Amino acid sequence: MTLREKPRLLSSATRVLCAGAIAVLSCVSAGAVDGAGIREFEATGVPMQARKVAAHTYYVEGQAGVVSTANEGFNSNAGFVVTSQGVVLFDALGTPALGKRLREIVRATTSQPMRRIVVSHYHSDHFYGLQAFVRPGVSVWAHELVRDYLASDAPAARLAERRQSLAPWVNSLSRIVVPTRYVGEDTRFAMGGLHFRVLHAGPAHTPEDLMMLVEEDGVLFVGDLVFSGRIPFVADADLNGWIDALERVLALKPRIIVSGHGRYSTNAVADLAQTRDYLVYLRTQIGAAFEEGLDFDAAYRQIDWSRFAALPAFEAANRRNAYQAYLNVERDALKAAKDKP
Ligand SMILES: [Zn+2]
């Protein structure tokens, strides 16, 4: 951890409020091409197919690891539920181009129109594809805490970064699509004879995490509460809240879990274990080092990471995750000191 690294991570973790996001909220029309010939939806070459996991429920599965030009940003999952009165989508993938491909896959699966999109959280790999779906009659739902994210400087900073790192699939015509409806803790709705619950699970992976239960299918979409087969991304996380949220997932007794990254699960207990073990290890190891009085660098060097080092995304994510864990532990210690009579 260098001195220059620290403020950047702090600002990402605390999502400092600022008006910078407003500039990126401008609109472009569907299918637009700008003067330089840049298309709103670039062609994608990355393989994508729908996998049916229950009577009405499908998902597409991104590649393992972090976003890259090799996977064109397709490292996350999105799901859709086909009812007799329209389609409900859960998350929209990480670029407008991937969103367009997903839209085509939904169209090839059903003639039902897209009606509603529930966004698990406002990390770019889950919502940049919304741009391909926005039109009259399609509502976009997210938790009300997304307002805090949209009011911060983080959306503009992330979009600028992705225009570099994921060009041309994220480009000058890419924009931030804002929700049309903000939901609270537990929202139920029915569509075409199916019943849905949209549950707030944060603060966990992010403050605004939403899960969606498709009751008749027993399918629970959990967004980034569960990372299957890779190191989780913890940079905006509340570790204690996240570990508690995994207990809530188990209490819902889903037959099938579709997570934000990796293969779907038919065995929630076993497949939650990897994410949970990692989070608990972070919390206990960093907590112990903090108690010893070690600063972050010393703590990170002292901890044995070997049991997770072979997992995808370890190199890209582990140090930042550990730093976020350190901030969590520090915050909890300050709060405990303040609460002491
Ligand atoms: Zn995420």
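So, at what angle do the axes of helix α6 and helix α7 cross? Keep that one in mind while I say what we're looking at. This is a predicted model, and the mean pLDDT of the protein is 89, with 91% of its residues at 70 or more. One stretch I'd be careful with is residues 1-30, where the pLDDT is below 50. That stretch does have 45 contacts in the model beyond near neighbours in sequence. Still, where pLDDT is low, the predicted coordinates should not be read in detail.

Okay, back to the helices. Two packed helices are described by the angle between their axes and the distance between the axes. For α6, residues 239-251, and α7, residues 268-291, the axes come within 10 Å and cross at roughly 165 degrees. The crossing itself is left-handed.

Who makes the contact? On the α6 side we have Leu239, Trp242, Ile243, Leu246, Val249 and Leu250. The α7 side brings in a list that includes Ala268, Val269, Leu272, Thr275, Arg276 and Leu279. Sort the residues of this contact by class and you get twelve nonpolar, one polar and two charged.

Now stay on α7, and look at how it meets α9, which is residues 314-339. Here the axes are 9 Å apart and the angle is about 60 degrees, so these two helices are oblique to each other. This crossing is right-handed. From α7, the residues involved are Leu282, Arg283, Ile286, Gly287 and Phe290. They meet Asn321, Ala322, Ala325, Tyr326, Val329, Glu330 and Ala333 of α9. By class, that contact holds eight nonpolar, two polar and two charged residues.

Where is it? Gly218 is in the loop between β10, residues 210-214, and β11, residues 219-227. And is Gly218 buried, exposed or partly exposed? Being buried takes 20 or more other C-beta atoms within 10 Å, and being exposed takes 12 or fewer. Gly218 has 17, so it comes out as partly exposed.

Which residues does Gly218 touch, leaving aside neighbours within four places in sequence? Those contacts are Ala54, Pro254, Arg255 and Ile256. As for Ile257, it is 39 residues from Gly218 in sequence, with 8.6 Å between their C-alpha atoms.

That's my tour, thanks.

Methods: Residues numbered from 1 in each chain as written. Predicted model: local features only at pLDDT ≥ 70, side-chain atom pairs only at ≥ 80, totals over all residues. Axes fitted to C-alpha atoms, helices over the stretch in contact; angles between N-to-C directions. Helix = DSSP H or I, 4+ residues; strand = E, 2+ residues; numbered from the N terminus. Left-handed = near helix turned anticlockwise from the far one by under 90°. Contact = placed C-beta atoms within 7 Å. Nonpolar A, V, L, I, M, F, W, Y, C, P; charged D, E, K, R; others polar. pLDDT = per-residue confidence, 0-100. Parallel < 35°, antiparallel > 145°, perpendicular 65-115°, else oblique.
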